[in-house]
Amino acid sequence: MKLAIVGYGKMGRMVEQFAPEFGFTIHSKIDAGDPLANAKGADVAIEFSAPEAAISNLEGLAALGVPTITGTTGWLGEMDRVKATYAKHDGALIWSANFSIGVNVLLRAVHEVARLLANEAAYEAWAWEIHHSAKKDAPSGTLLALVREMQAAGYTRNIDQSSNRAGKIAGTHEIGFDSAEDTITLRHTARTREGFARGALRAAQMIQGKKGVHEFKDLLGVTR
Ligand SMILES: NC(=O)c1ccc[n+]([C@@H]2O[C@H](COP(=O)([O-])OP(=O)(O)OC[C@H]3O[C@@H](n4cnc5c(N)ncnc54)[C@H](OP(=O)(O)O)[C@@H]3O)[C@@H](O)[C@H]2O)c1
């Protein structure tokens with residue numbers, strides 16, 4: 001199967017490195033300034049670019065008829081527009097703010113703890129993340145997903161949120177609950193970025209034959 005890589009930065013290069021393990025050959029590599037039309041004819045595209053570039057890349061890939069995996073963060077506020085575009089072109093898109101299996105398991109664990117503490121007013125909550133200093137968006141898309149998961153579980157009280165950017169940290173996310181008596185902490189620490197690239201390549205295998213816009217966690221079956 002032929003893979004187009006859209007956004008040839010840290011993630012794009014890692015996807016290229018692992019692509020053969022998943023049965024893909026590289027069809028095209030498209031970085032800032034290259035024509036998106038170079039992706040035409042690929043079986044699937046994996047898009048890791050920049051928040052300000054994602055929407056036009058996704059709309060362009062839908063128009064080219066190339067099923068797409070995107071890990072780019074910072075554009076989810078435009079989800080309705082992107083869904084409308086994919087519906088119009090009868091296209092396929094799988095997205096995730098975090099393609100690692102561990103974070104998708106954390107989402108499920110956080111959902112359950114938030115549900116159990118939703119009516120325990122003695123517990124206050126926080127959500128914290130730290131990433132390398134080159135990361136462009138803050139808070140991370142993963143932190144926002146964790147907060148959404150807590151709210152979806154019925155936790156409607158304040159969730160104090162913060163982000164740090166320093167050094168080369170691959171990504172740490174923590175959700176905590178604190179009362180006068182005790183603290184519960186749920187933390188995921190990414191050791192390398194390889195899990196994100198491998199997860200995106202798994203999604204690229206899954207997208208064959210699919211239509212519409214899907215979140216990776218729903219396809220994995222590790223969340224509700
Ligand atoms: N979902 C996940 O699991 C996951 C994991 C890691 C990262 N991410 C996200 O993925 C995105 C990329 O991360 P990264 O670490 O690979 O960043 P990066 O190293 O900065 O790479 C981004 C690449 O995209 C290029 N680019 C910018 N505009 C483009 C356009 N219009 N078309 C094609 N390419 C374009 C950039 O080129 P220039 O440098 O010339 O601008 C750069 O080469 C970020 O949003 C990050 O938060 C998600």
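User: What makes the crossing of helix 1 and helix 6 right-handed in this predicted model?

Analyst: The near helix is turned clockwise from the far one by less than a right angle, and that is what right-handed means here. The crossing of helix 1 and helix 6 is right-handed in that sense. As for the geometry, the axes of helix 1 (residues 10–18) and helix 6 (residues 194–206) cross at roughly 65 degrees and come within 9 Å.

User: Which residues make that contact?

Analyst: Helix 1 brings Met11, Met14, Val15 and Phe18, while helix 6 brings Glu194, Phe196, Ala197, Arg198, Ala200 and Leu201. A pair counts as in contact if the C-beta atoms lie within 7 Å.

User: How many of the residues in the contact of helix 1 with helix 6 are nonpolar, polar and charged?

Analyst: Eight are nonpolar, none is polar and two are charged. Glu and Arg count as charged, so Glu194 and Arg198 of helix 6 are the charged pair.

User: Why are strand 7 and strand 9 called edge strands?

Analyst: Each of them, strand 7 (159–165) and strand 9 (183–189), pairs on one side only. The sheet is open, with four strands in the order 7-6-8-9 and mixed pairing. From one strand to the next, the twist averages 10 degrees.

User: How do you know that strand 6 and strand 7 pair?

Analyst: Pairing takes at least two bridges, and seven bridges join strand 6 (residues 124–131) to strand 7, so they qualify. The two run parallel. Trp128 stands opposite Ser162 in strand 7.

User: Which helices lie on these strands?

Analyst: Helix 5 (residues 141–152) packs on the sheet and touches strand 6, strand 7 and strand 8, with its direction at about 160 degrees to that of strand 6. Helix 4 (residues 101–117) lies across strand 8 (172–178) and strand 9, running at about 165 degrees to strand 9.

User: Which residues come nearest to the ligand?

Analyst: Of the 28 residues around the ligand, the nearest are Gly7, Gly9, Met11, Ala53 and Gly71. Helix 1 and helix 2 (51–64) are the elements that give two or more residues to that shell. By class, the shell has twelve nonpolar, eleven polar and five charged residues.

Note on methods
Residues are numbered from 1 along each chain as its sequence is written. This is a predicted model: local features need pLDDT of at least 70, side-chain atom pairs count only at pLDDT 80 or more; totals for chains, interfaces and linings use all residues. Axes are lines fitted to C-alpha atoms, for helices over the stretch in contact, and angles run from 0 to 180 degrees between N-to-C directions. Two residues are in contact if their C-beta atoms, placed from the backbone, lie within 7 Å. A residue is near a molecule or strand if its C-beta atom, placed from the backbone, lies within 6 Å of it.
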